[in-house]
Amino acid sequence: MDRIIEKIKERGYPVIADVDGEDTIVVFGVGYTPFLYLEDEFEIGAFYPASHEAYLFSKSLADGESVIANPKCDYKKIAEKQGLGVRGANDLIFTPEYGSLLSLGAVRLKNVKMKISREVEPLGCEKCGICTKLCPAYALNGGFNYDKCLRRQMDDGIEDWAQPMLNKSVLGCNICSEFCVKNLKDRVRPPEIMQKILKIDEFFERALSGRRALEELGDIIGRNMIRPGRMLTLATYALKDLDEKYLHWLDKLYLYDDVRVKRAVEYVKSLKKDK
Ligand code: SF4
Ligand code: SF4
């Protein structure tokens, strides 16, 4: 199974491994550089293309018998135990190579017992606390609280308290990672197709016409991430802070057959009426 480790190293991904019963879980990290978005674009963090890359790479290593792609287990726990990185106050794994700007991927090696570990320096979060202050949902006060994290809200439905905290992201939240002092680096523009599809008017046009119109985006971030109802819900909440010229979308959005979107429209309209 050394060939699997070699293939991961050839990509330049940091890698560790740990025994799991009769098998071994190999965990690697795919790094990314945060994206820079313009005023007239919705946002999707650079984490998502990296996560899709990790998923596809794991699949490319697998043979379905002795090497299983994307096993279900706690990658962070294994990464922390074997020293791929250390866990920060934002609950993410920090590696010397990428800070926490990475997505973890893994494969299961059947009937192989292998350990690969390394030493990593402590992070010093106790002297910092910046991510705790920046988290809009106060999800990092007193340790990471998954129930309060906006990622969970975005997956499971937006509760009333979270509505004002949503920004221009139409998928996930990455504030505690992208603004961590250990991760500071110049941002890059997202791939051209993302720039095009995430233009605010273009995005509404496509998402309202259905999943197929978002497939090119799915090629970059993974087709399972393309859920028009969920993305339109977040895009609708974003209208609360956007230029008035986009508010004409609210009427079309209200006709979209999804209660989450209708609720978001009502929320935004209520704010505009109060002004
Ligand atoms: S992902 Fe966003 S909401 Fe969740 S802990 Fe980080 S900053 Fe807070
Ligand atoms: S912002 Fe500071 S406290 Fe938060 S993860 Fe980064 S180093 Fe740790």
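In what order do the four strands of the open sheet lie? In this predicted model, the order is β1-β2-β7-β4, and the pairing is antiparallel. The edges of the sheet are β1 (15-20) and β4, each of which pairs on one side only. From one strand to the next, the twist averages 30°.

The sheet can be followed strand by strand. β1 pairs with β2 (residues 23-31) in the antiparallel sense, over six bridges. These two strands form a hairpin, with two residues between them. Glycine 21 sits in the turn and has a positive phi of about 65°. Aspartate 20 has aspartate 23 of β2 as its bridge partner. Aspartate 18 is bridged to isoleucine 25, also in β2. On to the next pair: β2 and β7 run antiparallel and are joined by eight bridges. Here valine 26 stands opposite valine 107 of β7.

How many of the nine residues of β2 are buried? Seven are, so the strand is largely enclosed by the rest of the structure. A helix also lies across this part of the sheet. Helix α2 (residues 47-61) lies across β2, β4 and β7. Its direction is at about 15° to that of β7.

The chain as a whole comes next. It contains twelve helices and eight strands. Its radius of gyration is 20 Å, close to the 19 Å that the globule rule gives for 275 residues, so the chain is as compact as a globular protein of that length. Along the principal axes, the C-alpha trace spans about 60 × 45 × 35 Å. Buried residues make up 40% of the 275 in the chain. Among contacts with a separation of 6 or more, 68% join residues 24 or more positions apart.

α10 (228-238) is mostly covered, with ten of its eleven residues buried. Among them are Pro228, Arg230, Met231, Leu232 and Tyr237. Thr233, Leu234, Ala235, Thr236 and Ala238 are buried as well. The buried residues of α10 pack against α5, β8 (169-171), α8, α11 and α12 (259-274).

Helix α8 (residues 200-209) is one of these partners. Its buried residues are Ile200, Phe203, Phe204, Arg206 and Ala207. What covers them includes α7 (192-197), α10 and α11 (249-255). Glycine 210 follows α8 and has a positive phi, near 120°.

Two ligands are present, each with its own shell of residues. Around ligand 1 are Asn90, Cys135, Ala137, Ala139, Leu140, Cys149, Leu150, Arg151, Cys173, Ile175 and Cys176. The elements that give two or more residues to this shell are α5 (150-156) and α6 (175-178). By class, the shell has nine nonpolar residues, one polar and one charged.

Several loop residues complete the picture. Asparagine 70 lies in the loop between β4 (67-69) and α3 (75-81). Its phi is near 45°, a positive value in a residue other than glycine. Is asparagine 70 partly exposed or buried? Asparagine 70 is partly exposed, because 17 other C-beta atoms lie within 10 Å, and a residue counts as buried at 20 or more.

Asparagine 111 is found in another loop, between β7 (102-109) and α4 (130-134). The phi of asparagine 111 is also positive, near 55°. Asparagine 111 is exposed, because 10 other C-beta atoms lie within 10 Å, and the cut-off for exposed is 12 or fewer.

Tyrosine 37 lies in the loop between β2 and β3 (43-44). With 19 other C-beta atoms within 10 Å, tyrosine 37 is partly exposed. Tyrosine 37 and arginine 118 are 81 residues apart in sequence. In space they are 36 Å apart, C-alpha to C-alpha.

Note on methods:
Residues numbered from 1 in each chain as written. Chains lettered and ligands numbered in written order. Predicted model: local features only at pLDDT ≥ 70, side-chain atom pairs only at ≥ 80, totals over all residues. Pairing = 2+ DSSP bridges. Axes fitted to C-alpha atoms, helices over the stretch in contact; angles between N-to-C directions. Contact = placed C-beta atoms within 7 Å. Near = placed C-beta within 6 Å. Nonpolar A, V, L, I, M, F, W, Y, C, P; charged D, E, K, R; others polar. Rg over C-alpha atoms; globule rule 2.2 N^0.38 Å.
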